[in-house]
Protein chains: 2
Amino acid sequence: MSYTYEYPRPALTVDCAVFGIADSSLELLLIERAEPPFAGHWALPGGFVNIDEEIEDAARRELEEETGMRNVFLEQLFTFGGVGRDPRGRVVSVAYYALAKPSDHQLAAATDAARAAWFPLDDLPPLAFDHDSIIDTAVTRLRGKVRYAPIGFELLPRKFTLTQLQGLYETILGTELDKRNFRKKIRSMELLVDTGEIEKDVPRRPARLYRFDRTRYRKLARQGFAFEL
Amino acid sequence: MSYTYEYPRPALTVDCAVFGIADSSLELLLIERAEPPFAGHWALPGGFVNIDEEIEDAARRELEEETGMRNVFLEQLFTFGGVGRDPRGRVVSVAYYALAKPSDHQLAAATDAARAAWFPLDDLPPLAFDHDSIIDTAVTRLRGKVRYAPIGFELLPRKFTLTQLQGLYETILGTELDKRNFRKKIRSMELLVDTGEIEKDVPRRPARLYRFDRTRYRKLARQGFAFEL
DNA sequence: CCAAAAGTGTTCACGGTACACCCATGC
DNA sequence: GCATGGGTGTACCGTGAACACTTTTGG
């Protein structure tokens with residue numbers, strides 16, 4: 001290597017804000033830290049980026065190591081680098097947000113995490129580092145993006161009812177939506193496929209199950225179609 | 001400091017994609033690198049983050065050092081960390097995008113930059129590192145954000161005509177807009193103040209000069225008002 | 001037959017879009 | 001008086017919002 005610069009370098013970490021929906025409550029996945037600093041505190045899953053590892057790979061690796069989750073929707077959120085944010089010294093963290101279906105994943109804490117658990121977003125425990133402000137940023141991003149990108153589906157099972165989908169938007173956006181208008185709007189986008197199946201074992205009239213047609217969305221998006229609410 | 005981790009660390013840099021409007025062309029500010037790697041190539045202004053320096057401060061410092069620009073609108077864009085993106089080894093860069101009025105700033109290259117100059121976005125020279133992909137990301141962000149946040153004003157003089165404003169949107173979005181509809185829309189937002197002044201020294205009927213009312217915007221925004229194109 | 005949620009259409013108001021001409025100024 | 005851009009209003013259409021009852025199923 002012919003060029004080298006030798007200044008002190010910040011350490012580089014990743015942190016993941018993983019959202020899930022359970023019983024029409026928006027939840028966040030946290031781990032209990034097993035090691036200092038902040039041992040015993042709850043925190044976002046995350047950790048150090050290896051020197052030859054892509055940043056997003058590090059985020060996925062840490063998430064799997066500390067919680068057992070894999071194959072989730074994951075996007076870069078923001079990079080937090082406040083000089084005082086970590087008592088170990090200068091640590092810059094590239095934060096990601098992720099969307100997952102809690103029921104699809106068996107939580108399994110390991111490495112630096114003593115436990116992993118879901119918490120309702122409106123009832124979080126005290127958090128390590130500046131993780132509360134990472135979460136604020138993530139929630140804002142989620143609420144904004146869910147309205148103009150079809151990412152809500154990442155939080156539902158592959159087959160879902162229109163009522164589930166509407167409930168999801170109501171939960172995330174914190175508003176109530178009109179049932180008929182919601183269905184009209186969603187159906188007019190022609191992004192859902194009626195699977196022909198219906199709910200089973202419900203003590204009421206079973207609803208039709210739909211799935212999101214990703215292929216069709218990509219095709220439409222290329223033609224300038226814009227998903228909206 | 002009681003906790004220390006000693007793994008090899010990536011180096012941390014910042015890069016700035018600075019946009020400006022000149023003669024209804026969207027331009028980007030580049031510097032010619034004076035030092036290897038990529039000496040003699042054009043690149044985004046940027047450089048290493050000091051160990052006790054906020055990341056955004058580093059971006060502003062590097063921008064001023066290399067181009068002489070200061071006091072610009074600056075926002076974090078994305079963090080680029082591809083393993084092979086820098087021949088010196090692992091270098092992670094927090095990219096920012098900035099908006100400026102070229103006429104307000106006297107360019108003054110220094111430190112690592114041999115020259116600084118504006119280039120039309122559709123005619124950029126070959127660039128160092130992965131700066132072309134940083135620019136792609138920045139342009140996409142600019143085109144998206146300009147429609148739902150009042151950031152376009154950062155590219156205009158404090159007092160401007162409605163035609164200038166319309167031209168700015170046309171330049172950024174790459175579309176033509178209808179003059180009457182544009183004026184109706186903008187006026188209905190009540191975010192512009194008629195300064196009572198008019199253009200001077202133009203060989204035609206002089207236009208009224210307006211300015212953007214930032215205070216009013218913030219007040220409206222707090223009440224749930226959403227700026228939109 | 002009762003409870004619970006599924007499913008379905010119409011009306012109205014507003015905002016987006018399309019569109020063409022006269023006006024003020026400098027040269 | 002001519003060239004240049006400044007400035008203005010109306011009609012139509014499509015989309016978002018409000019709103020209530022019948023149907024299907026399980027218990």
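**View 1. Tyr7(B) and its aromatic partner across the chain boundary in the predicted model.** Tyr7(B) is exposed, because its relative accessible area is 54%, above the 50% limit for that class. A search of the whole structure finds 17 aromatic pairs over all chains. In one of them, Phe48(A) and Tyr7(B) form a tilted pair, with 6.5 Å from centre to centre and 50° between the planes. This pair crosses between chains: Phe48(A) belongs to strand 4 (residues 46-48) of chain A, and Tyr7(B) to the segment before strand 1 (11-22) of chain B.

**View 2. The ring pair of Tyr169(B) and Phe182(B).** The ring centres of Tyr169(B) and Phe182(B) are 6.1 Å apart and the planes meet at 55°, so the pair is tilted. Tyr169(B) lies in helix 3 (residues 162-173) of chain B and Phe182(B) in helix 4 (residues 179-189) of chain B, and the pair thus links distant parts of the chain, 13 residues apart. Both Tyr169(B) and Phe182(B) are buried.

**View 3. An aromatic cluster in chain A.** Phe153(A), Phe160(A), Phe212(A) and Tyr217(A) are joined into a cluster by ring pairs.

View 4. Tyr96(A) is buried, with a relative accessible area of 3%. Not counting residues up to four places away in sequence, Tyr96(A) touches several residues, including Val14(A), Cys16(A), Ile55(A), Ala59(A) and Leu77(A). Glu56(A) is also among these contacts, and the side chain of Tyr96(A) reaches the backbone nitrogen of Glu56(A) at 3.4 Å. The C-alpha atoms of Tyr96(A) and Arg60(A) are separated by 9.6 Å, with the two residues 36 residues apart along the chain.

Key:
Residues numbered from 1 in each chain as written. Chains lettered and ligands numbered in written order. Predicted model: local features only at pLDDT ≥ 70, side-chain atom pairs only at ≥ 80, totals over all residues. Heavy atoms only, no water. Buried < 20%, exposed > 50% of the residue type's maximum accessible area, 1.4 Å probe, protein only. Contact = heavy atoms within 4.5 Å. Polar contact = N/O pair within 3.5 Å; in protein donor to acceptor, adjacent residues only side chain to side chain. Phe/Tyr/Trp six-rings, centres within 6.5 Å; stacked < 30°, edge-to-face > 60°. Helix = DSSP H or I, 4+ residues; strand = E, 2+ residues; numbered from the N terminus.
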